[in-house]
Amino acid sequence: MTNKFTFGPVPSRRLGRSLGVDIVPFKTCTYDCIYCQLGRTTNKTTNLKEYFPVREVLQEVRQRLQEFPRPDYITLSGSGEPTLYSRIDEIINGIKEITDIPVAVLTNGSLFWIDKVRESVLEADLIIPSLDAGDKKIFQYVNRPHKDISFKKMVDGLCSLRSRYSGRIWLEVFLIDGVTAIKSEVLKIKACIDRVAPERVQLNTSVRIPAESFVDMVPKEKMEEIAGLFNSNCEVIADYSGTHNLREFTSTREDVLELLKRRPCSIEDISDGLNIHRNETVKYVQELLDRNFIRMERRNKRVLYSSKL
Ligand code: SF4
């Protein structure tokens, strides 16, 4: 069976080993974030649609769970904004009929002002929305939202989700050096977060290649300082922590390519993510480079590989 909708299990900074389920086509999103690791949005929309048949998605999830060691989470995320999938509730419930592995929804949080969207994620075990700005000006600059989404609607939507949803919310704040990693901006973001009242606040920054080259990573020490401005539930999420020693399984160069189609990775990221030896990873990467399927880039002293396909 091909990996049309699923990827990984990949190491996740927050979720351990996570089986990704991608339910919208590549770069279909309500935002076009300047920091997006997937590149610029090609289909900016707020149209809710059944992009792929529910039955096919669930069939592939079932198959992948038989092939691989048990992941820590099944995560709806991937190539765009998963809440644009009109039947996401059926995907969540369908996964829960297959397995008791917790289901997480990784979302930009832009559509929870729409009743149907808010109601459709209530059965998830964990929701990880984003909030990257403290006012409409920075929201427009950083997230470049669809014209139907205002800053107020987005924040009100997150508050409504909080009052309706009984599961855990971990809010991710993506900080950009010189733009939002400034005390005055952080305090504005914090005021919004205080209204949403998530269980955790997780600070992230541009450790992978962003959509726009002018986006700068915030140094770690500065991130720690900023975390101090939040409450004790705030943490800086380190890249690729929490990988587990599950039993060995075989990965092929196709798995490496699938992973690199989703996001740029270093050799270590690929080894950890697919649980293969570093030497084997180097071999696959070299083959993919030779065949011109992937490219190599340097960023912040790291060498990252990404798909050209
Ligand atoms: S970072 Fe997420 S929300 Fe922003 S454009 Fe990329 S996929 Fe969409």
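Colleague: How do the residues of the shell around the ligand divide into nonpolar, polar and charged?
Modeller: This is a predicted model, in which local features need pLDDT of at least 70, side-chain atom pairs count only at pLDDT 80 or more, and totals for chains, interfaces and linings use all residues. Residues are numbered from 1 along each chain as its sequence is written. With Ala, Val, Leu, Ile, Met, Phe, Trp, Tyr, Cys and Pro as nonpolar, Asp, Glu, Lys and Arg as charged, and the others, Gly among them, as polar, the shell has 5 nonpolar, 3 polar and 2 charged residues.

Colleague: Which residues surround the ligand?
Modeller: A residue is near a molecule if its C-beta atom, placed from the backbone, lies within 6 Å of it. Around the ligand stand Cys29, Tyr31, Asp32, Cys33, Cys36, Leu38, Thr41, Gly80, Glu81 and Asn108.

Colleague: At what angle do helix 1 and helix 2 pack?
Modeller: Helices (H or I, at least four residues) and strands (E, at least two) are DSSP runs, numbered from the N terminus. Axes are lines fitted to C-alpha atoms, for helices over the stretch in contact, and angles run from 0 to 180 degrees between N-to-C directions. Helix 1 (residues 54-67) and helix 2 (residues 88-98) have axes 10 Å apart, and their packing angle is about 35 degrees.

Colleague: In the largest nonpolar core, which residues touch the most other members?
Modeller: Such a core joins buried Ala, Val, Leu, Ile, Met, Phe, Trp, Tyr and Cys residues through C-beta atoms within 7 Å. The core has 62 residues, and its largest share, 5 residues, comes from strand 8 (residues 168-175). The residues touching the most other members are Val21, Ile23, Ile91, Ala104, Val105, Val173 and Leu175.

Colleague: Which residues does isoleucine 23 touch?
Modeller: Isoleucine 23 is one of the residues with the most contacts to other core members. Leaving out residues up to four places away in sequence, isoleucine 23 touches Phe5, Tyr51, Phe52, Val57, Leu76, Pro82, Tyr85, Ile88 and Ile91.

Colleague: Why does lysine 27 count as partly exposed?
Modeller: A residue is buried with 20 or more other C-beta atoms, placed from the backbone, within 10 Å of its own, exposed with 12 or fewer, and partly exposed in between. Lysine 27 is in the loop between strand 2 (16-22) and strand 3 (28-29). Lysine 27 is partly exposed because its C-beta neighbours inside 10 Å number 18.

Colleague: What is phi of alanine 197?
Modeller: Most residues other than glycine have a negative phi. Alanine 197 lies in the loop between helix 6 (183-196) and strand 9 (200-205), and is partly exposed with 14 C-beta neighbours inside 10 Å. Although alanine 197 is not a glycine, its phi is positive, about 55 degrees.

Colleague: Which residues does aspartate 125 touch?
Modeller: Aspartate 125 sits in the loop between helix 3 (115-120) and strand 7 (126-128). It is partly exposed, with 16 other C-beta atoms within 10 Å. Not counting residues up to four places away in sequence, aspartate 125 touches Pro102, Val103, Ala104 and Gly167.

Terms used. Two residues are in contact if their C-beta atoms, placed from the backbone, lie within 7 Å.
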